[in-house]
Amino acid sequence: MTEITDYTSLQTAVTEYLARDQDATLIARIPTFVQLAEAKFNRQLFVRQMEQRATALVDLNSEEPEFISLPSDFQSMRRVRLSSVTGKPCLEFKSGTQMDEYRFATSDVAARPRYFTVFGNELELAPTPDAAYTIEMVYRQNVPALASNGSNWLLTMAPDVYLYGALLESAPYIKEDARIQTWGLGFTSALADLNNLGLTSTFNAGPMTVRVSGQVI
C-alpha cells in the first residue's frame, strides 16, 4: 500500500483503492476527483490551520483609497484592525447598505477608519482613510490546491480525508453506488474528527472567562 505524502502518491493510492489500474480514462480523472474533494474541504472544514494573517497599506494615491484588495486565497474574514495605530483598534463590521448610509450621513469626510465590509474581492473601509494606515486582516483561507503545490498542511495532517474525499467523488463517475456509503462514512468521519480537533486546539488553551463586552479583565 502506497504511503501518502504528496499529490503524486495520493493519486497512486486512489488508483489502488479503485482497483482499476488498467482503466486509463478513469485514472486520468483522478486529479478532477481531488479538485472536487478540495472544494468540499473549503466549504466544510473549519480548523485553525486555515486561519491566516495578512497586512496591507492604504494607498492614498488611489482614486478610491477606501478599497483594498483581499488576499488571493481569501474565503471569509475573522478580524480587521489598524496595526499602525496605537492599541491596534479593531474595526467593526457593517453591511454594504450600512456603509452607504454611514457615508451619506457623514458626507464621507476622510478620517481614521472605524468600519469595514467585504465587497467582492475587496475590503472596504469607512470613513475613507485620511492617512496611509497599515491594515491587518485575520481571515480564513482556502486549502492550498495540491495541483499547484504538490503538498500542503492538510495532506500531511490528514491524508485519510484526502483519500476518502477523492474516492467519494469518483463513485458517481464509475457508477459504484455500493461504495458511496463506505467512502462517504470514511470522509464524513475524517472531516468531523478534524473539525472537532480544530475546536479543541482553538478553545482548550485555557479556562474560558465570561465578561461583558468592553471590559478588560
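1. The largest nonpolar core of this predicted model has 33 residues. Those with the most contacts inside this core are Leu10, Val14, Val34, Phe41, Leu154, Val161 and Tyr162. Five helices, α1 (7-18), α2 (24-44), α5 (153-157), α6 (159-174) and α7 (177-203), each supply at least two residues of the core. Which helix gives the most to this core? That is α6, with eight residues. Apart from this core lies another, of 18 residues, which includes Ala56, Val58, Leu82 and Leu91. As general background, nonpolar side chains in soluble globular proteins tend to be buried together.

2. Leaving out residues up to four places away in sequence, Val34 touches Tyr7, Leu10, Leu146, Tyr162 and Ala166.

3. Now for the geometry of α2. This helix has 21 residues and reaches 31 Å from its first C-alpha to its last, close to the 30 Å expected at 1.5 Å a residue. Where does α2 bend? The bend is at Ile30, by about 35°, and a proline, Pro31, follows within four residues.

4. Helix α6 deserves a point of its own. With 16 residues, α6 reaches 22 Å from its first C-alpha to its last, close to the 22 Å expected at 1.5 Å a residue. Its buried residues are Val161, Tyr162, Leu163, Gly165, Ala166, Leu167, Leu168, Glu169, Ser170, Ala171 and Ile174. After α6 comes Lys175, whose phi is positive, near 55°.

5. Setting aside neighbours within four places in sequence, Tyr164 is in contact with Trp183, Gly186 and Phe187. Tyr164 and Ala190 are 26 residues apart in sequence, with 8.4 Å between their C-alpha atoms.

6. Asn195 in helix α7 is worth a look as well. At 18% relative accessibility, Asn195 counts as buried, since the cut-off is under 20%. Not counting residues up to four places away in sequence, Asn195 touches Gln44, Leu45, Phe46 and Val47.

7. Turning to the strands, an open sheet of four has the order β2-β6-β5-β4, with mixed pairing. β2 (67-69) and β4 (92-93) stand at the edges with a single partner strand each, so one side of each is left without a neighbour in the sheet. β4 pairs with β5 (residues 115-119) in the parallel sense over two bridges, and Phe93 has Phe116 of β5 as its bridge partner. β2 and β6 run antiparallel and are joined by three bridges; here Ser69 has Glu122 of β6 as its bridge partner.

8. β5 and β6 pair in the antiparallel sense over five bridges, and Thr117 stands opposite Glu124 in β6. These two strands form a hairpin with two residues between them. In the turn, Gly120 has a positive phi of about 60°. How many of the five residues of β6 are buried? Four of them are, so to speak for the strand as a whole, β6 is mostly covered. Helix α3 (residues 96-105) lies across β5 and β6 (122-126), running at about 35° to β6.

9. Finally, there is an open sheet of three strands in the order β1-β7-β3, with antiparallel pairing. The edge strands, β1 (51-57) and β3 (74-82), each pair on one side only. From one strand to the next, the twist averages 30°. β3 and β7 (residues 134-141) run antiparallel, joined by seven bridges, and Phe74 stands opposite Gln141 in β7.

Technical notes. Residues numbered from 1 in each chain as written. Predicted model: local features only at pLDDT ≥ 70, side-chain atom pairs only at ≥ 80, totals over all residues. Heavy atoms only, no water. Pairing = 2+ DSSP bridges. Contact = heavy atoms within 4.5 Å. Axes fitted to C-alpha atoms, helices over the stretch in contact; angles between N-to-C directions. Core = buried A, V, L, I, M, F, W, Y, C linked by side-chain atoms within 4.5 Å. Buried < 20%, exposed > 50% of the residue type's maximum accessible area, 1.4 Å probe, protein only. Expected span 1.5 Å × (residues − 1). Bend = angle between axes of the 7 residues up to and from the residue.
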